[in-house]
Structure formats: C-alpha cells, structure tokens
Amino acid sequence: MNQPAVLFDESHCEQCACGTGLDFSFTFAFQPIVDVLNKSVYAYEALVRGTEGQGAMSVLSRVNDQNRYAFDQVCRVKAVKLASKLGMETMLSINFMPNAVYRAEYCIRTTLAAAKTYNFDTRKIIFELTEDENLTSTSVDHLVSIIEAYQEMGFSTAIDDFGAGFSRYNIMIASPPNLLKLDMALIRNVHEEPNKQAVVAGIITMMKQLGGQIIAEGVETKEEYFWLRSQGINLYQGYLFAKPGFECLPEPVFPA
C-alpha cells in the first residue's frame with residue numbers, strides 16, 4: 001500500500017480536535033470476532049467507552065456536526081495506538097462515520113501516519129460502516145466512494161447491523177463490502193423463528209455469491225449459535241464468546 005508522506009504528531013491531532021469542538025476524552029473496549037473453524041480470534045472490534053468505563057452513549061451523545069470530523073479522526077488514532085500497545089496481532093475493526101468523511105483519500109492520512117508511528121500493519125484494519133437510519137441522509141454515491149477507496153488502499157470494509165432499519169442493498173449492488181455483520185435483532189432467537197431463518201438464509205446466499213463473509217453479531221445463546229453454524233457461518237461476535245474488555249483483549253470461550 002502506498003502511504004502518503006504525512007508526519008504524525010498525536011499531540012497535534014488532539015489539539016486540532018479541541019480546536020474544532022472536541023472537548024472530551026474517551027477510550028476503547030475490545031470485543032473479539034471469532035473464527036469457529038479454527039477456534040481463533042479473527043479480529044477485535046474497537047468499541048468507544050468513557051475513560052472510566054462508561055458506555056458508548058456517554059461519549060457518542062457529545063458528538064455533533066461541529067466536532068464529528070475531529071471525533072472520527074481521533075477515534076482512528078486512539079484505536080490504532082491502543083491496539084498496538086496491547087500487542088494486537090489480529091485484524092482491528094474500527095467504526096467510522098461516513099458523514100465525517102468528505103474524501104476518503106484525504107481523511108485516511110492521519111490513520112496511515114498513526115499506523116506507521118505505532119507500528120501497526122494497515123492491512124489488518126477493517127473499516128466498519130454502521131447500517132442505521134442516520135445513513136438515509138447520506139448519498140449512496142458517497143458511501144460507495146468511501147468503500148471503494150478504502151478497498152483500493154488495501155483495507156477491508158464491513159457493513160454493521162445489516163437487516164436493521166434501512167438495509168442498503170444499493171450499496172451491496174454497487175460495491176459489496178468484504179464483511180457483512182448481521183444485526184442482533186435478526187440473531188435473537190433465530191433458532192425458533194422461521195421468518196428470521198428465511199431472511200438470514202437469503203443474506204447468506206447473497207454474500208456467498210458476492211464473494212464476502214458474514215459475521216453473526218450479538219450471539220448470546222448456544223441455540224442461536226448452533227442454528228447459525230448449521231447454515232455455514234464461521235465468524236461470530238457476542239456475549240456467548242466474550243464480553244467487551246475495557247482497554248484489554250479478552251480471550252474468547254468456544255461453545256462445546
């Protein structure tokens with residue numbers, strides 16, 4: 001991957017953030033995404049937390065139009081720095097805000113420079129796009145341009161919460177992501193709800209034909225897991241395997 005020649009200074013990044021209205025601190029918890037085929041950790045998702053372990057909403061509720069870009073940039077830097085400090089050897093999944101990205105090739109420069117500074121392989125970064133109703137105001141062309149730019153730069157991309165609210169099939173058609181995370185609302189009690197089973201089976205078929213992988217997110221019970229496993233899904237995330245660990249990399253437990 002060709003990296004832009006950008007000098008990285010974390011203190012400068014923080015100062016710029018404060019100058020644009022980011023006057024609060026935050027950190028991350030990490031939750032494993034497991035590969036049950038070889039009983040290993042495929043990736044860790046960085047989940048924003050308050051510095052004393054407060055939930056994500058205590059931080060996200062302070063993000064607004066004035067500080068969204070700064071928050072998005074500082075999120076990436078902090079996630080890469082902490083992952084490197086913890087010795088993460090797996091993939092790192094970072095959520096990003098598409099409304100904060102005006103041109104992917106420009107917005108990525110700080111991330112690339114931070115990865116170089118903290119010696120974190122950029123090929124191990126997944127950029128995760130949350131598929132929620134906030135995206136209804138974001139043009140499909142803009143979302144597709146971000147996904148395509150990140151993939152061209154060598155990053156993996158994922159769509160989170162697929163099946164919740166407004167499913168962006170137009171994005172799937174224009175530029176399929178590498179990974180698709182099933183929304184936990186589809187996962188909950190899927191083993192005993194035929195309608196959910198039909199929808200999940202359709203999404204599985206779609207992703208196979210598009211050449212991507214599915215992550216079953218929010219799996220909490222063995223019954224959910226065993227049904228999903230019977231459908232050929234190999235990647236999982238949820239309390240059944242491990243809860244998020246505050247500033248640490250929790251080891252997963254695999255159901256027998």
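Glu45, Glu128, Lys181 and Glu217 are joined in a network of salt bridges (a side-chain nitrogen of Lys or Arg within 4 Å of a carboxyl oxygen of Asp or Glu). A heads-up: this is a predicted model, where local features need pLDDT of at least 70, side-chain atom pairs count only at pLDDT 80 or more, and totals for chains, interfaces and linings use all residues. Residues are numbered from 1 along each chain as its sequence is written, and side-chain values use heavy atoms, with hydrogens and water left out.

**Exercise 1.** Work out which parts of the chain the salt bridge between Lys181 and Glu128 links, and whether each residue is buried or exposed.

*Solution.* 
- Start with the atoms: the closest N and O of Lys181 and Glu128 are 3.1 Å apart.
- Helices (H or I, at least four residues) and strands (E, at least two) are DSSP runs, numbered from the N terminus.
- Now check accessibility. Buried means under 20% relative accessible area, exposed over 50%, partly exposed in between (1.4 Å probe, protein chains only).
- Lys181 has 0%, so it is buried; Glu128 has 1%, so it is buried too.

**Exercise 2.** Do the accessibility check for the salt bridge of Asp121 and Arg123.

*Solution.* 
- The side chains meet at 3.0 Å, N to O.
- Asp121 comes out at 29%, so call it partly exposed.
- Arg123 reaches 58%, so it counts as exposed.

**Exercise 3.** Trace the neighbours of strand 7.

*Solution.* 
- On strand 6, go for the bridges: strand 7 pairs with it in the parallel sense over 4 of them. Two strands pair if DSSP finds at least two bridges between them.
- Strand 8 (residues 235-237) also runs parallel to strand 7, joined by 3 bridges.
- Ala216 is the bridge partner of Leu182, and Tyr236 in strand 8 is the bridge partner of Ala216.
- Strand 7 is largely enclosed by the rest of the structure, because 4 of its 5 residues are buried.
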